[in-house]
Amino acid sequence: MPEGHHVVRADHEPPGPPTVSARRLLLHAQHEAFVLMRLDCAVCRSEGHAPRSQVLLVARGREVLATLYQIGGDMLRDGEAGLSEAAWHRLGVAEGDPIVIRHPPALGSASILRRRIFGRRLDAAEMKSIVGDIAAGRCSEIHLAAFITACSTLPLDLDEVVHLTRAMVGAGRQLAWPNAQVIDKHSVGGLPGNRTTPIIVAILAAKGLVVPKTSSRAITSPAGTADMMETLTTVDMDIAAMRRVVEGEGACLVWGGAVDLSPADDLLIRVERVLEVDTPGQMVASVLSKKLAAGCSHVVIDIPVGPTAKVRSQEDAEAIAAMLTAVGRACGVTVRCVATDGTQPVGRGIGPALEARDVLAVLRQQEDAPADLRRRACLLAGAALELAGRAAAGNGAALAAATLADGRAHATFQRICEAQGGLREPPRSTVSRPLIAERSGRVIAINNRVLARLAKLAGAPDDKAAGIDLHVRLGSEVIAGEPLMTVHAEAAGELAYALDFARAHPDILVIEP
């Protein structure tokens, strides 16, 4: 070797990616992934991670996009990363496990999202790109909110709804059944207490139809079907368990978020719930993507119409029905829409446990069962029986009513619940108080939206026993001093706050002298 030249040997490998140690903080932030690190954390300083920035956490082959917060004091040691419950469970780590922390990669669909914000329509490939990023967890809450807002300000056209529906189906798992005919029922929502689904599923399964019912949790309402069913039996089931129940009993009633069907829709629903936004195009894509992913061939859609329902007019109902039918046809599912009365709540209970009580009363054929809930369930179950060819046109509702009356629907419902983990009675609230009529007269209007808000302020759907028992209907004659409704809650503070809200909104029930 020539004199003056030296060989430089590396004594160690180049440093690996920045790693921190997992720490579980038991920080509950619903579905949001947070990571907390010290202000003087060497990893944050060296990598330039600032508070409120998005970081990519990698551990055990899993990735999670999380929001970074930094803290002072001694709660965390240098090099520790405190995780919210959502981040902890998605990563599947144990205490002290190494986590690689990185800058997130550029969002592939960001430019497409910006184009939609500025009013450009999206084709199939572009919609697939956005939905793929959503389903993979690469989109922050800000990106999701921007997408929802962009598709609300300039509503999705028919082609975009078809593209969105197909993209959401393709981003998750899809079920297939040996039966040529697989049927389901869904409501577009917006009507408190409209909990017909468990009754309808029981009737259809009792008549030999296959009904793999996946339901969502509440978006803008005090209870979704999954919230209500959770008071009676287990709804968080994986696909294998769901398939076992359907194969054994002909039907199931499970939460769709647990079976990874249309996962992008579940993520969008979380943000829609916060924004209280559920526009027609996104609603159609949400409904039909879940039905297609569940392997359904036929779907009956309930569209409640009323001045304070989600769908305000018959004209709006016809437009939504036309979109549902057209998108269904394009995606290979037969859809029948039924416009129903949305001028007042259905049944008496508003809130998970209170609605479950009404459902059980109808199935058990109790004398005090809400007659309107029974009629509506038979109407919609009848439409499904006719759609499936199990009843002649015009005879479906009578056949559904007979299946209730002879106890077959109740027996079928019991078997479904037992197969899902056992049937239990819904819980009761710890505190309640009536709202009293201040004057005598006749009830001429009921504000569904204010009633729903009242039930949510009482704690529904998170507090399963919270909500409202409605004691009057449209046309009811009331006397001053009589109870109009009873508000149920799990905490005295929530009950008081809900009652103050009710007193401040006299339009909740309009009484004409």
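Reader: Is the crossing of helix 17 and helix 18 left-handed or right-handed?

Author: Keep in mind that this is a predicted model. The axes of helix 17 (residues 448–457) and helix 18 (residues 492–503) come within 8 Å. The handedness of their crossing is right-handed.

Reader: Which is it for helix 17 and helix 18, roughly parallel or roughly antiparallel?

Author: Look at the angle: the two axes cross at roughly 160°. Angles over 145 degrees count as roughly antiparallel. That makes the run of helix 17 relative to helix 18 roughly antiparallel.

Reader: How many residues of the contact of helix 17 with helix 18 are nonpolar?

Author: From helix 17 come Val450, Arg453, Leu454 and Leu457, and they meet Glu494, Tyr497, Ala498, Phe501 and Ala502 in helix 18. Of these contact residues, 2 are charged, none is polar, and the nonpolar ones number 7.

Reader: What is the bridge partner of Val431 in strand 17?

Author: Strand 13 and strand 17 (residues 483–489) pair in the antiparallel sense over 6 bridges. In strand 17, Val431 has as its bridge partner Ala489.

Reader: How many residues of helix 7 are buried?

Author: Helix 7 covers residues 197–206 and is mostly covered. Among its buried residues are Pro198, Ile200 and Leu204.

Key: Residues numbered from 1 in each chain as written. Predicted model: local features only at pLDDT ≥ 70, side-chain atom pairs only at ≥ 80, totals over all residues. Heavy atoms only, no water. Axes fitted to C-alpha atoms, helices over the stretch in contact; angles between N-to-C directions. Helix = DSSP H or I, 4+ residues; strand = E, 2+ residues; numbered from the N terminus. Parallel < 35°, antiparallel > 145°, perpendicular 65-115°, else oblique. Left-handed = near helix turned anticlockwise from the far one by under 90°. Contact = heavy atoms within 4.5 Å. Nonpolar A, V, L, I, M, F, W, Y, C, P; charged D, E, K, R; others polar. Buried < 20%, exposed > 50% of the residue type's maximum accessible area, 1.4 Å probe, protein only. Pairing = 2+ DSSP bridges.
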